[in-house]
Amino acid sequence: MSTVFLNGDYMPIEEAKISPLDRGFLFGDGIYEVIPSYFGQMVGFQGHIDRMNDGLKAIGIELNWSDRQWKKLCDTLSEKNGAGSLGIYLHVSRGADTKRFHAFPKNITPTIFAMAFEIPLPKIPDLATVGKGYSLISNEDLRWQRCQIKSTSLLGNVLHFQDSYEAGSQETLLYNSNNELTEASAANIFIVKNGIIATPIQDNQILAGITRRLVIDILAKDGSMLLEERTITLDEVNAADEIWITSSSKEIAPITMLNNKAVGDGKVGSIWLKAATLYSENKFSY
Ligand code: PDD
């Protein structure tokens, strides 16, 4: 039984109750985070908290929690849930109103919920044990124009993810109406061509992924590989030697199939191995 946090108290998940008039429930009116934590050590804690504060500000939820308060909550949740390989989920909704009305209510207290769930422990990157890589489908990105906000309104993402799930794939690669790559339904995307790594620029079409940021920073610091943040066309994606997806729980995952066709030579690539190794060696410094 897992222990969760709700509005100031820790309790078994079965005892956590919220009002049906909570705007998180009625409107998906909230912000969330998922922070990876391995045996009590988090990856990218500060980046996650900064992004949550940016999101709360963007949608006008006032909450003055300090970084230390969030850190204590994450540490306590990890401890109470076995301190293994965990995703720490933080969720702030605008709170429970007395009626259903779209405009922001005045004097409402945000609902703060947090839990920890098991995530796979990342393996040391190795071509012999990595397996055959993920398979993706692609579709036009039909979400909204504010994808930089890590909103709990995830129906757009859920529908795109479901398409891949029903197709027997693991993710949907998304492109905009100009046939430019955006991201995946729950991950950012990188491509590699002729040894050069590229990922879409950070704008309103993609989430400011913390793993994406760490990959860019770690590779820049290492300096042995070239990485560009730029617009990427769907034609470039289809001609890529390697494709990777990044997220807090997947770290850097290699993609070997796109729409049932091999990516590059269909094998997990050598640039992935180098990048994933650097990531795994340096992720705890962020
Ligand atoms: N998803 N893009 C989208 C749309 C995402 O939902 C996520 C993460 C990412 C990667 O972000 P990060 O590297 O900060 O995890 C990109 C989380 C894990 C989820 O919804 O479960």
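Reader: Is D29 buried or exposed?

Author: Buried means under 20% relative accessible area, exposed over 50%, and partly exposed in between (1.4 Å probe, protein chains only). D29 has 9% relative accessibility, so D29 counts as buried. The model is predicted: local features need pLDDT of at least 70, side-chain atom pairs count only at pLDDT 80 or more, and totals for chains, interfaces and linings use all residues. Residues are numbered from 1 along each chain as its sequence is written, and side-chain values use heavy atoms, with hydrogens and water left out.

Reader: Which residues form salt bridges with D29?

Author: A salt bridge is a side-chain nitrogen of Lys or Arg within 4 Å of a carboxyl oxygen of Asp or Glu. R23 forms one with D29, with the closest N and O atoms 2.8 Å apart. R94 forms another with D29, at 2.6 Å between the closest N and O atoms. R94 and D29 are 65 residues apart and link distant parts of the chain. R94 sits in the loop between β5 (85-93) and β6 (111-118), and D29 in the loop between α1 (23-27) and β3 (30-38). Helices (H or I, at least four residues) and strands (E, at least two) are DSSP runs, numbered from the N terminus.

Reader: How accessible are R23 and R94?

Author: R23 is buried, with a relative accessible area of 3%. R94 is buried too, at 5% relative accessibility.

Reader: Where does R143 lie, and which side chains does R143 join by polar contacts?

Author: A polar contact is a pair of N or O atoms within 3.5 Å; within protein, one must be able to donate a hydrogen and the other to accept it, and residues adjacent in sequence count only if both atoms are side-chain atoms. R143 lies in the loop between β7 (134-140) and α4. The R143 side chain has a polar contact of 2.9 Å with that of D141, and one of 2.9 Å with that of E183. D141 and R143 also meet in a salt bridge (2.9 Å, N to O). R143 is buried at 13% relative accessibility.

Reader: Where is S185, and what does its side chain contact?

Author: S185 is in the loop between β9 (181-184) and β10 (188-193). The S185 side chain makes a polar contact with the side chain of E171 (2.7 Å). S185 is buried, with a relative accessible area of 5%.
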